[in-house]
Amino acid sequence: MSQTTRTGAATSVLVPQAPVLIAGFREIIWLSAEGEIEALSAAEAARRVQIDPPMVCHAIATACRLGSPGFAALDLLELFAFVYPARFCVPTPRGLAEALGLPPPNRPSEACVTLASAACALLQALGDETDDQARTIAEAMDRSGWLWAPAVLAALPPDEPGRRRRTVGLRVWTRLGEWSETAPGPAPGNKPVLPAQARARLSRLLGTGAEPRPQQYDYAAAVAAAFAPRAMPDRPHAVLAEAGTGVGKTLGYIAAASLWAEKNHGSVWISTFTRNLQTQIASELDRLYPDPVAKRRRVVVRKGRENFLCLLNYEEATAAAATRTGRMAAQLGLIARWIVATEGGDLVGGDFPGWLAELIGRGRVYGLADRRGECVHSACAHFRRCFVEKNIRRARNARIVVANHALVMAQAALGGLDDGTVPTRYVFDEGHHLLEAADGAFSIRLSGREGRELRRWIVGAESSGGSRARGLRRRIGDLIESQDDGTRALIEALGAARILPGDGWAQRVAEGRGLQIFETFLALVRQQVLARAALGDTGYGVQAEARPPVAGLIERALELAQGLDRLAAALRRLATVLRAPLEDPENPPDPALRQRLNAAIRGLERRADQQLGSWSRLLRDLVEPPRSETIEWFSLDRIDGLESDVAVTRSWVDPGIPFAEWVARPAHGLVVTSATLTDGEPDPELAWRAAEAATGLRHLPASPAAARIASPFDYPEQTRVFIITDIPRDDIGQIAAAYSALFVAAGGGALGLFTAIARLRAVHERIAPALEASGLLLLAQHVEAMSTATLVDIFRAEEDSCLLGTDAIRDGVDVPGRSLRLIVFDRVPWPRPDILYRARRPVFGGPQFSDQVARLRLRQAYGRLIRRADDRGVFVVLDRALPSRLLAAFPEGVPILRLPLAEATAETARFLERAHAS
């Protein structure tokens with residue numbers, strides 16, 4: 001590819017002489033290398049990109065919009081990731097322009113010019129590169145065919161004459177610092193936090209120029225009760241606190257939590273349901289620790305090890321790349337640049353851009369994490385540089401640990417994580433999701449995919465497909481090689497694991513051929529589901545009750561349980577052999593070996609007792625009558641219509657029981673908080689009892705202290721609610737037209753929520769070209785080749801864009817200002833009437849349960865609309881069957897009108913125009 005010299009503000013750089021491509025759903029713009037702008041059809045653009053690789057912004061999404069297979073391209077996002085590793089930008093031409101200080105484009109033709117200018121700016125920035133290994137990485141990427149490499153190498157500072165450069169290339173792990181062990185700290189004290197002290201700490205955090213919000217001070221004082229000394233075992237101080245949007249609850253509980261942590265030299269764990277809120281809380285803690293060094297010492301964002309890059313996996317990937325052709329080394333080069341620059345090595349929700357995972361391939365990126373529990377701990381050459389080990393050690397000494405519900409629940413279920421940590425003080429934000437997280441942690445799921453993963457953990461890779469899976473022999477073989485008992489136990493475990501599903505299990509189960517016992521059982525489960533499916537297929541799969549079983553299923557279940565018991569016994573024997581050196585008083589192991597042995601024993605015992613033991617009990621219980629506290633069912637899971645798993649699941653009917661038993665009771669104090677703990681039920685006592693049930697706190701020995709702080713926002717002035725009366729709920733053409741009309745009336749800034757993926761896709765297909773013709777960017781979950789987080793980032797940054805998503809996306813959307821001014825719901829968000837719902841209905845309110853769920857979903861979605869005092873917005877439901885009893889989901893006094901579409905469209909435009917003008 002030829003280069004052309006372009007002169008920037010400071011110096012000239014060689015920019016590839018390539019066309020630029022911007023692809024929309026209606027308009028595709030091609031800027032030739034000679035400067036000629038053309039509008040192309042998708043077919044013509046798809047033809048040209050195969051001949052002349054263009055500059056693009058997000059090549060995967062561009063190919064998706066062209067309906068084209070992947071093509072070689074000069075992706076500006078890849079260049080940005082190389083030049084500014086571990087730095088985020090919105091993955092659009094406008095986002096690149098704002099990140100680089102360039103004029104933002106307003107039209108597709110201007111976006112083409114923006115990309116060309118961005119290339120020049122990024123290459124110019126490389127002239128100031130201070131990392132002398134950037135060149136060695138770029139050289140490795142050049143050998144892999146990275147199209148930007150020649151221009152990057154030309155732009156980088158030349159080596160100093162006569163200087164010998166240590167060549168590291170992709171082996172960047174050698175440049176990372178090591179952690180050092182510290183002595184364990186004392187147990188925390190028991191000094192209380194008084195309400196007045198919490199108020200004073202909040203005042204200090206807010207500073208002198210803050211807008212007075214008495215509700216925020218009241219909230220901080222109320223949650224301080226959770227930080228009183230515990231008086232009796234298993235009786236924590238619990239506070240259930242609902243704080244309306246705008247109260248400022250995050251700083252409110254940070255005030256009380258940070259004060260307790262400082263006074264008692266302990267840690268408070270703040271847990272969220274979504275990564276988005278984790279990031280927000282970490283940002284808010286800048287107020288508490290404005291010095292970045294102090295903040296790094298006192299605040300840790302704690303995640304499971306499956307979120308962090310594993311340096312051993314990365315090293316093995318670089319070795320594999322050296323023997324293969326293709327772009328693998330180029331992709332690893334971008335990851336290498338990030339490894340050197342990253343704050344903590346977090347691949348998921350940290351400083352690794354989500355769009356970079358999309359460009360490289362999410363499977364390839366997340367495959368570099370330890371997602372299967374295969375860590376070899378101190379036997380790893382990278383142990384003392386390990387990102388996970390650094391995160392664990394920082395959390396031990398932190399004052400505030402920002403975690404997530406899934407990690408906290410797993411920690412409780414397993415009796416402590418990697419270092420046995422069990423916190424005593426919690427703040428659970430997004431508390432309305434607590435039972436959902438508890439359901440995931442405390443349920444038992446025996447499935448083909450789970451069985452396959454366990455087999456890989458024990459046996460390792462069995463095919464030549466390039467898997468880096470490390471089995472027990474590779475992980476602990478050196479620990480037992482001199483012990484006959486250990487060798488026999490390992491051989492026995494490897495043999496017993498053959499009962500678990502192997503590669504290709506799903507096809508064998510579907511075809512009913514070549515099955516071993518586990519797969520035979522799954523085939524009978526699948527047969528029962530297809531014969532008795534309780535609900536039609538919604539795209540996610542089908543379910544059936546577990547009882548009565550089809551002929552032969554119980555016999556196979558009991559036979560499988562016996563095989564699982566044999567495997568569990570073999571793993572326990574292996575753990576016993578490994579424990580012997582730990583109990584040898586004459587020749588104790590060194591600390592690193594002791595940690596490795598303990599980790600290996602913990603992994604073996606957890607899989608033997610908690611996974612295999614739970615599976616065996618579940619299988620044997622299929623013979624018994626059902627229990628009142630749990631529910632079992634069979635399922636056939638599907639993704640985009642394709643079978644993905646066959647499973648037997650046991651869930652607690654009320655997940656609040658295990659949450660209270662294993663998380664809440666052992667704690668000394670906890671705050672459960674959210675803006676939507678109650679559903680708008682007119683009777684406050686009924687609403688609060690429902691909130692206690694929905695968070696599991698009703699199972700504590702004493703009722704929690706209750707705090708309910710109203711939002712300071714003027715919702716009747718700031719919002720309108722319209723229910724459309726003339727759109728048939730099953731006419732997808734009219735539904736699509738309604739979305740289009742409302743989105744255009746709002747001028748963008750619109751979020752469309754759907755209760756089914758199929759309807760979302762059908763609406764997107766119908767309205768995308770028309771909205772683009774109106775100058776509105778339309779984004780869509782389950783359509784775009786982008787993750788939900790990336791789509792939300794673009795939606796937040798592009799003020800007049802529109803986003804379509806499923807109902808569940810509402811929790812990931814925090815978009816203040818005009819970027820979100822309209823929400824449109826396609827239908828009433830009733831709970832899916834599946835087997836689990838049927839079992840839970842009598843326990844969570846009986847006939848009122850459906851209404852409670854629907855009201856909460858409406859209330860949570862409506863709460864996304866107003867995030868600041870100057871926000872204005874319209875909430876629309878296209879389902880005329882919305883019952884009046886659900887309208888309590890909306891704040892008192894908000895105008896709620898039932899209108900035909902034409903009137904609602906006109907009212908939406910008028911209301912938002914007045915709001916914008918004011």
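Cys375 is partly exposed, with a relative accessible area of 23%; here buried means under 20% relative accessible area, exposed over 50% and partly exposed in between, using a 1.4 Å probe and protein chains only. This is a predicted model, where local features need pLDDT of at least 70 and side-chain atom pairs count only at pLDDT 80 or more, while totals for chains, interfaces and linings use all residues. Residues are numbered from 1 along each chain as its sequence is written, and side-chain values use heavy atoms, with hydrogens and water left out.

**Cysteines**

- A search of the whole structure turns up zero disulfides, a disulfide being a pair of cysteine sulfur atoms within 2.5 Å.
- Cys112 takes part in no disulfide, and the nearest cysteine sulfur, which belongs to Cys57, is 11 Å away.
- Cys112 is also buried, its relative accessible area being 0%.
- For Cys375, the closest cysteine sulfur is that of Cys386, and at 5.9 Å it is too far for a bond.

**Helix pair H3 and H5**

- Helix H3 covers residues 76-83 and helix H5 covers residues 108-125; their axes come within 10 Å and cross at roughly 20 degrees.
- That angle makes H3 roughly parallel to H5.
- On the terms used here, helices (H or I, at least four residues) and strands (E, at least two) are DSSP runs numbered from the N terminus.
- Axes are lines fitted to C-alpha atoms, for helices over the stretch in contact, and angles run from 0 to 180 degrees between N-to-C directions.
- Angles under 35 degrees count as roughly parallel, over 145 as roughly antiparallel, 65 to 115 as roughly perpendicular and the rest as oblique.
- H3 passes H5 in a left-handed crossing; a crossing is left-handed if the near helix is turned anticlockwise from the far one by less than a right angle, and right-handed if clockwise.
- From H3, Leu76, Leu79, Phe80 and Val83 meet Leu115, Ala118, Ala119, Leu122, Leu123 and Ala125 of H5, where contact means heavy atoms within 4.5 Å.
- The residues of this contact divide into 10 nonpolar, no polar and no charged.

**Helix pair H21 and H22**

- Helix H21 (residues 472-480) packs with helix H22 (residues 484-496) at an angle of about 165 degrees, and their axes are 10 Å apart.
- H21 and H22 are therefore roughly antiparallel to each other.
- The crossing of H21 past H22 is right-handed.
- Leu472, Arg473 and Ile480 in H21 meet Gly486, Thr487, Leu490 and Leu494 in H22.
- Those contact residues divide into four nonpolar, two polar and one charged.

**Backbone features in loops**

- Arg547 and Pro548 are joined by a cis peptide bond, with omega at about -5 degrees.
- Pro548 sits in the loop between strand E14 (541-545) and helix H25 (553-579).
- Asp234 has a phi near 60 degrees, a positive value in a residue other than glycine.
- The loop holding Asp234 runs between helix H9 (214-223) and strand E8 (237-243), and Asp234 is partly exposed at a relative accessible area of 40%.
- Glu430 has a phi near 50 degrees, also a positive value in a residue other than glycine.
- Glu430 belongs to the loop between strand E12 (425-428) and helix H19 (434-442), and at 9% relative accessibility Glu430 counts as buried.

**Helix H9 and its neighbours**

- The buried residues in H9 include Gln216, Tyr219, Ala220, Ala221 and Val223.
- Buried residues of H9 pack against helix H8 (195-206), E8, helix H10 (249-264), strand E17 (669-674) and strand E18 (705-709).

**Two residues to look up**

- Tyr837 is in helix H33 (residues 835-840) and is buried, with a relative accessible area of 13%.
- Not counting residues up to four places away in sequence, Tyr837 touches Pro831, Arg832, Phe849 and Ser850.
- Tyr837 and Leu677 are 160 residues apart in sequence and 20 Å apart in space, C-alpha to C-alpha.
- Ala592 is in helix H26 (residues 591-621) and is partly exposed, with a relative accessible area of 33%.
- Ala592 and Phe518 are 74 residues apart in sequence and, C-alpha to C-alpha, 38 Å apart in space.

Terms used. Ala, Val, Leu, Ile, Met, Phe, Trp, Tyr, Cys and Pro count as nonpolar, Asp, Glu, Lys and Arg as charged, and the others, Gly among them, as polar.
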